[in-house]
Amino acid sequence: MRLTHFGGTALPTAGESDNAFDLVGRNALVVLRDGAFDQDGQPQVAQPFEITKSFKVKGATIDATVRTLAQLAYAGRRILKAVDRDGTTYYQTFAKVTKVTRPLTVEMQRYQEVAMTFLVDYPFWMATADEPHYFDNGDLLDGTWNLDGNYTSQSITSVPKAFTITQAGSAAARRGVIVFHPAAASSIVNPIIKNLTTNEQIMYVGTVAAGEYLTLDLLSKSTKIGWVTNAYSSMAKLPANQMDWLTLAVGANSIQVDASAIAGTIAFEWRWSKHFV
């Protein structure tokens, strides 16, 4: 992959080179007398990483272009975009510019060498359209990230309800939202979502009444009822031996929805973004 855009700014391509897209796992070992104890247990925890893109700025407006690029160091967290060798497959993640280097060289009258370093705090790439856009079905969700059109919709009238989700990325998907929406004269009490493939589950403690929307944001680890009233006063409950919220493994995931009680028809939706490394 090569970096192409930061926010809405296209990065120059003349003389470009990107350093390695590092994959860095966290070392959470506690040294013991013989060996060590891994505080992360079985999961591998990915670390943030840096990418540096070097290029040359040419043309009649070298100084103005370089100043515009340098100002990106104060732009804050933006979408960083890259493209595969095929020139058509794009990926995105989040990053900040942490360093802009502008060395003086003997060729400075013809071009300016620039190196920009990006700090990627969420160490995964998500496949998306060429530009991010809003997804909105009219009343359920509205966010600033395109979740690839990857979603499953289920109509639940009895529990347990079993189905399969296939996640076609190359890394476990941690970004996504789950929505429960009971129809008229319907409700669900203490809904539980289980991923039998990863041996993970999450339970919302409480009742979702007719017409309400319960949204579980898997990345921010938050729950919400409707548009205004958050559900933090209730809770999303995990098993004692589970360290994180739900993920989708690469490939087929066996999903099961259960509850303490259910009445009528419940609309269930899970949207996710494919993750890549």
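The following legends describe close-up views of a predicted model of a single protein chain.

**Figure 1. Overall composition of the predicted chain.** The secondary structure of the chain amounts to one helix and 24 strands. Of its 277 residues, 40% count as buried. The accessible surface of the chain is about 14300 Å², and carbon and sulfur atoms account for 51% of that area. When contacts between residues at least 6 apart in sequence are considered, 71% of them join residues at least 24 apart.

**Figure 2. The salt bridge between Asp40 and Arg26.** The closest N and O atoms of Asp40 and Arg26 are 2.4 Å apart, and the two residues form a salt bridge. This pair links distant parts of the chain, 14 residues apart: Asp40 belongs to the loop between strand 5 (36-38) and strand 6 (49-58), and Arg26 to the loop between strand 3 (17-18) and strand 4 (29-31). Asp40 counts as buried because its relative accessibility is 5%, under the 20% limit. Arg26, by contrast, counts as partly exposed, with a relative accessibility of 37%.

**Figure 3. Surroundings of Gln47.** Gln47 is placed in the loop between strand 5 and strand 6. With a relative accessible area of 28%, Gln47 is partly exposed. Neighbours within four places in sequence aside, Gln47 is in contact with Val24, Gly25, Arg26 and Pro123. The C-alpha atoms of Gln47 and Asp121 are separated by 7.8 Å, although these residues lie 74 residues apart along the chain.

**Figure 4. The salt bridge between Arg77 and Asp121.** A salt bridge joins the side chains of Arg77 and Asp121, with an N to O distance of 2.8 Å. Arg77 counts as partly exposed at 44% relative accessibility. Asp121 likewise counts as partly exposed, at 35%.

**Figure 5. Further salt bridges of the chain.** The side chains of Arg271 and Glu269 meet in a salt bridge, at 2.9 Å from N to O. Both Arg271 and Glu269 are buried.

**Figure 6. Strand pairing around strand 8.** Strand 7 and strand 8 (residues 90-101) pair in the antiparallel sense over six bridges, and Ile79 stands opposite Phe94 of strand 8. The hairpin of strand 7 and strand 8 has six residues between the strands, and there Gly87 takes a positive phi near 75°. Strand 8 also pairs with strand 9 in the antiparallel sense, over five bridges; Thr101 has Ala115 in strand 9 as its bridge partner. Strand 8 and strand 10 run antiparallel and are joined by two bridges. In strand 10, Ala127 is the bridge partner of Tyr91.

**Figure 7. The nonpolar patch of Val30, Leu32 and Phe37.** On the surface, Val30, Leu32 and Phe37 form a nonpolar patch that together has about 260 Å² of accessible area. Leu32 is found in the loop between strand 4 and strand 5. Its relative accessible area of 45% makes Leu32 partly exposed.

**Figure 8. The nonpolar cores.** The largest nonpolar core has 25 residues, and those with the most contacts inside it are Ile178, Phe180, Ile193, Phe268 and Trp270. Two or more residues of this core come from each of strand 12 (161-167), strand 13 (176-182), strand 16 (200-205), strand 18 (214-217), strand 21 (251-258) and strand 23 (266-272). Strand 23 gives the most, with four residues. Beyond its neighbours within four places in sequence, Phe180 is in contact with a set of residues including Ile188, Pro191, Ile193, Val208, Leu214, Leu216, Val257, Ile266 and Phe268. A second, separate core of 23 residues includes Ile51, Phe55, Val114 and Trp125.

Methods
Residues numbered from 1 in each chain as written. Predicted model: local features only at pLDDT ≥ 70, side-chain atom pairs only at ≥ 80, totals over all residues. Heavy atoms only, no water. Salt bridge = Lys/Arg side-chain N within 4 Å of Asp/Glu carboxyl O. Buried < 20%, exposed > 50% of the residue type's maximum accessible area, 1.4 Å probe, protein only. Contact = heavy atoms within 4.5 Å. Areas by Shrake-Rupley, 256 points an atom, 1.4 Å probe, with all protein chains shown as cover. Patch = residues over 30% accessible without salt bridge, like charges linked within 9 Å, V, L, I, M, F, W, Y side chains within 5 Å. Pairing = 2+ DSSP bridges. Core = buried A, V, L, I, M, F, W, Y, C linked by side-chain atoms within 4.5 Å.
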